[in-house]
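Subject: Handover of a structure and notes on its features

Dear colleague,

Please find below the structure that I am handing over to you.

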Amino acid sequence: MIEVRGLTRRYGATLAVDDLSFTVEPGRVTGFLGPNGSGKSTTMRLVLGLDRPSAGLALVDGVPYRELAHPLRTVGALLDARWVHPNRTARAHLRWLARSNRLPPGRVDEVLDQVGLTAVADRRAGAFSLGMAQRLGIAAALLGDPEILLFDEPVNGLDPEGIVWVRRFVRGLAAQGRCVLVSSHLLPEMALTADELVVIGRGRLIAQSTTAEFVDSASRTSVRVDGPRLDELAAALRRAGVEVGPSGDGALTATGTPMARIGRVAADAGLALSELSLHRGSLEEAFMRITGHEVEYTAGGPAGGPDDSAALTAAKG
Amino acid sequence: MSVAAGSTTIARPGFAAAVAAERIKLTGIRSPWWCAGAAVAVTAGLGAIVSVATRYEGGPLTVATTQLVHSAGMAVVMVMAALAITTEHSTGTIRTTYLAVPRRGVALGAKAVVVAAVAAAVGLAGAFGSWGLSAALVPDVDLALHGAVEWRQVAGVGAVNLLAAVIALAVGILVRHTAGAVALVLVWGLVAEQLIGLLPGVGPALTPWLPFQAGKYFVTADGTATGLLGSPWAALGYLTAVAAGLLAVAVAVARRRDA
Ligand SMILES: Nc1ncnc2c1ncn2[C@@H]1O[C@H](COP(=O)(O)OP(=O)(O)OP(=O)(O)O)[C@@H](O)[C@H]1O
Ligand SMILES: [Mg+2]
């Protein structure tokens, strides 16, 4: 288990992590979600004892990382796939890691095999593609067969095949009962990988909830509708009880209605459509909305529309 | 958690494991081998050239003469020692190191042990190389190691290289950047101390307290010499204290800093 309590870190004037508290439980993938610069990497460095907190503490398996008797057997981490000497072979890199924690030397070949790097094990890590480097980083994290794993943006820069591989791998680790924390700034990615989400913005906790709850609340879907006779189309949709408004770029946006129904309304009215597409609100939009409300609440200001406050309540639950 | 329960039966990986890991790290890439080879070649080659030149210019050729230019090899060793830590910072490997060995005193201490051992071995190989080549090239001069003084003059290069490497490593830990650390170490070891020694008035008084001058004195002093620090062994003790103190400061700083 990972426990973060009141964790705070300042870099000069920047408050990178601000009184952050959350826990990561075993047996599921916990997604660590936040926009760029929200403090995910900093939090992970603090949890791993690489940076020092300005206040608060982070515990892995009940103790600060620096006090672990068997660091690599307890925690595996991939923060940056390039933290490898470019002139060292993949095997040599894993060998020194294994040796430092008295892990059986046979683990090196096992993890190389697990991540599919056996064929290139004796090549310089500097010549690896990003995907291969990422696999080497995962191999290093798995070396001590740890129960706790942290991955910082593990799919960043990977091709679709690599993304699917990492996603499956990470889910497999959680299915084995391990405690897995994976960061990302992409909600769609986290929606596919994580069971639980810890969401932060500007270093502060915004929500810890199940992924399903958060996705429902954070990313409102809308349907974009366009056609030659837009005014008639809008009128027909309103008559049918569809909430519709201008999209801002000359088309219509309908919310809260399945696409199929909109298509049927248009067909019944004998109106042609040139576009009917589903738009899922981006994480960035959701963040603007949710963090904006955070500020309003703390400042004691009025809440927004009923729709948004419902979203926030659900996200906080 | 099962790992915690299981690990109680497994011995905690200690200093020896960290040393073994650092050894694999240092020998697993080519540049330290090049540095070591270059240091041995430079020390032995230049030393032999100096011996031959001294002989043909009619100067007094002694065992100490064969080690006059040991600082050339020492410079290469110091570069290697500084690089051992600064490349970890430039590549980010230092974070991987601290993840594997979070007790930074252990991680850096282990690195110091490995770097020091290589430096000493390189120093001994270079020094005995220079002495052996000199003896072979100038057979008419008696360069035999008759006693403790001659043995100190040759084997002492190993000790001085070891301590110089620890100093360079400590500077590397503190400075972190390769260019800065290498420049600082070379300027200090090869230039600054000589210039301080040349300062009118204070120069001669300061010289015994300059660490690399103390090292040089330890290697080159003959049986009768008495430096301001007394015996050559006192000079070596002083250099040891400087190296140990600097490493302790560097480790203390590294423990407080962000990796
Ligand atoms: N070593 C540092 N020195 C100064 N500022 C830092 C340092 N590390 C992080 N920051 C600042 O702290 C904030 C949080 O950065 P961090 O890298 O943790 O965010 P992140 O959530 O990982 O972002 P990304 O999604 O881009 O990886 C940023 O404003 C960043 O500029
Ligand atoms: Mg980051």
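This is a predicted model: local features need pLDDT of at least 70, side-chain atom pairs count only at pLDDT 80 or more; totals for chains, interfaces and linings use all residues.

Residues are numbered from 1 along each chain as its sequence is written, chains are lettered from A and ligands numbered from 1 in the order in which they are written, and side-chain values use heavy atoms, with hydrogens and water left out.

Domains of chain A

Chain A comprises domain 1 (2–216) and domain 2 (222–279); these bounds come from an automatic or database domain assignment. Taken over C-alpha atoms, the centres of domain 1 and domain 2 of chain A are 44 Å apart.

The site of ligand 1

Ligand 1 is surrounded by 13 residues, and the closest are Asn36(A), Gly37(A), Lys40(A), Ser41(A) and Thr42(A). A residue counts here if one of its heavy atoms lies within 4 Å of the ligand. By class, the shell holds three nonpolar, seven polar and three charged residues (Ala, Val, Leu, Ile, Met, Phe, Trp, Tyr, Cys and Pro count as nonpolar, Asp, Glu, Lys and Arg as charged, and the others, Gly among them, as polar).

- Ser38(A): a polar backbone atom is 3.2 Å from an oxygen atom of ligand 1.
- Lys40(A): an N or O atom of the side chain is 2.8 Å from an oxygen atom of ligand 1.
- Arg45(A): an N or O atom of the side chain is 3.2 Å from a nitrogen atom of ligand 1.

A polar contact is a pair of N or O atoms within 3.5 Å; within protein, one must be able to donate a hydrogen and the other to accept it, and residues adjacent in sequence count only if both atoms are side-chain atoms.

On its own, ligand 1 has 630 Å² of accessible area, of which the protein covers 61% (Shrake-Rupley method with a 1.4 Å probe; for residues, only the protein chains shown count as cover). The elements that give two or more residues to the shell are β2 (14–24) and α1 (40–47) of chain A, and α1(A) gives the most, with four residues. Helices (H or I, at least four residues) and strands (E, at least two) are DSSP runs, numbered from the N terminus.

Two positive phi angles

Most residues other than glycine have a negative phi. Asp19(A), in strand β2 of chain A, has a positive phi near 50 degrees. Asp145(A), in the loop between α5 (130–142) and β6 (148–152) of chain A, has a positive phi of about 50 degrees. Asp19(A) counts as exposed because its relative accessibility is 51%, while Asp145(A), at 40%, counts as partly exposed. Buried means under 20% relative accessible area, exposed over 50%, and partly exposed in between (1.4 Å probe, protein chains only).

Chain B

In helix α10 (residues 211–220) of chain B, seven of the ten residues are buried, including Phe212(B), Phe218(B) and Val219(B). The buried residues of α10(B) pack against α4 (70–91), α7 (148–175), α8 (178–198) and α11 (232–256) of chain B.

Thr43(B) belongs to helix α3 (residues 31–56) of chain B and counts as buried, at 4% relative accessibility. Its side chain reaches the backbone oxygen of Ala39(B) at 2.6 Å. Beyond four places in sequence, Thr43(B) touches His70(B), Gly73(B), Gly126(B), Ala127(B) and Ser130(B), contact meaning heavy atoms within 4.5 Å.

With kind regards
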